[in-house]
Amino acid sequence: MKFSTRAIHVPGIRHDGAIAPPIHLSTTFEHGPANESLTEYEYVRSGNPNANELEARLASLEGGSAALVYGSGMAATTALMASLRPGAEILIHRDSYYDTRTVAAELMAPLGIRHKVVDLRDEAALEDMLSEDTAMIWVETPSNPRLDILDIASLADRAHSVGAALAVDGTFATPAIQRPLELGADVVMHSMTKFMGGHSDIQGGALILRDDPELADRLRHHRTLSGGVLSPFNAWLIARGLQTLDCRMERHSANAMIIAEMLDRHPAVERTNYPFLDSAPAVELARRQMRSGGGMLSFELQGGRDAALDVASRVRLFVNATSLGGVESLIEHRASIEGANSMSPDNLLRVSVGLEDPEDLVADLEAALG
Ligand code: PLP
């Protein structure tokens, strides 16, 4: 079955004739007097029908052997990094979600798991950093906030050649646009808070594994103990969002392309970061590994920080807010929100392009740019 069919139909899952799935809010399930199992479930922290159904849907959409859902993207990221052994080293692409780097620095270091931040587009820099301790290469592609495109197939080969795994944060693209496991990655992480949920009203995270049942078991055990589970209601809402993901991503991408082309021509804009622009530095790679450019872009103003803040304060339709992937268009000065740990240029604004009419979005930005 094709992607958009699989987003709607999960093989083998039926709900007693109901077309929409029920929500199982129960935190506990009946068992026998000596804890004999009467159902597949026992207690919500170790498993829940809505979470399990969402996991089956995600594994099918990414082409993975197993999926695990979490209460947030950061819970998923932290669990995956913490599954490494003390002494292991993670190489993280320079342009990555700033809290991913903070987790590595603040939560992994005390566990003896080290990390290095490197520009993974630079093959020579990667060769210099790889060592027998490298256990994981961590990339976001497209990356947050500069929309760098990393070559998944080639990084997977390099990681495997030293016995390491390639983990891809696929939040910006979603499996409707890019499927890293099919290109050789070992794990995909998603913040489902973004395009997957799609309506700026839920938080969730996921790990989807290509083929590592031992790691899947360890992660499930860790999740049951540490408790970073997804609530049944949020699992239900995300499963509902996934059914329309393919159509939404087409419209997000079409709108973003129109805006990116306008920005790319605008005299006040020094640089527009959008993977499918003809002028983008890795446009051929992007077209090879992505179906469309996605709904995220960023642009850098000629006039520096002040010009960026001016534009952000003059928009009327775009809303200044963090996060991304909802139906409404958002704009954000990343350096201001990221604070001390920021590696974002001061003149950069990040845009999450929503599903509004593109003419209205272009008019709003053009008016703000002056
Ligand atoms: N990865 C990316 C690319 C993100 O943009 C974010 C959040 O903005 C996360 C991970 C973290 O996800 P969450 O906020 O669901 O924990």
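Trp-236 is buried, at 19% relative accessible area; buried means under 20%, exposed over 50% and partly exposed in between, computed with a 1.4 Å probe on protein chains only. The model is a predicted one, in which local features need pLDDT of at least 70, side-chain atom pairs count only at pLDDT 80 or more, and totals for chains, interfaces and linings use all residues. Residues are numbered from 1 along each chain as its sequence is written, and side-chain values use heavy atoms, with hydrogens and water left out.

Phe-233 is partly exposed, with a relative accessible area of 41%. Phe-233 and Trp-236 both belong to helix α8 (residues 232-242), three residues apart, about one turn of the helix. Helices (H or I, at least four residues) and strands (E, at least two) are DSSP runs, numbered from the N terminus. An α-helix has 3.6 residues a turn, so residues three or four places apart point the same way.

Aromatic pairs are rings of Phe, Tyr and Trp (its six-membered ring) with centres within 6.5 Å; planes under 30 degrees apart count as stacked, over 60 as edge-to-face and the rest as tilted. By this rule the count comes to three aromatic pairs. One of them joins Tyr-97 and Tyr-98, edge-to-face, at 5.3 Å centre to centre and 85 degrees between the planes. Tyr-97 is partly exposed at 25% relative accessible area, while Tyr-98 counts as buried at 14%. The ring centres of Phe-233 and Trp-236 are 6.1 Å apart and their planes stand at 10 degrees, so this pair is stacked.

Helix α6 (residues 152-161) has Ile-152, Leu-155, Ala-156 and Ala-159 buried. Down the axis of α6, its buried residues fall within an arc of 105 degrees, so they line one face of the helix; the arc is that of the directions from the helix axis to the C-beta atoms. These buried residues pack against α5 (123-129), β4 (134-140), β5 (165-169) and α10 (283-289), where contact means heavy atoms within 4.5 Å. Just after α6, Gly-163 takes a positive phi of about 75 degrees.

What surrounds the ligand? There are 15 residues around the ligand, and the closest are Met-74, Asp-169, Ser-191, Thr-193 and Lys-194; a residue is near a molecule or strand if one of its heavy atoms lies within 4 Å of it. The side chain of Asp-169 has an N or O atom 2.7 Å from a nitrogen atom of the ligand. A polar side-chain atom of Lys-194 lies 2.9 Å from an oxygen atom of the ligand.

Definitions and conventions. A polar contact is a pair of N or O atoms within 3.5 Å; within protein, one must be able to donate a hydrogen and the other to accept it, and residues adjacent in sequence count only if both atoms are side-chain atoms.
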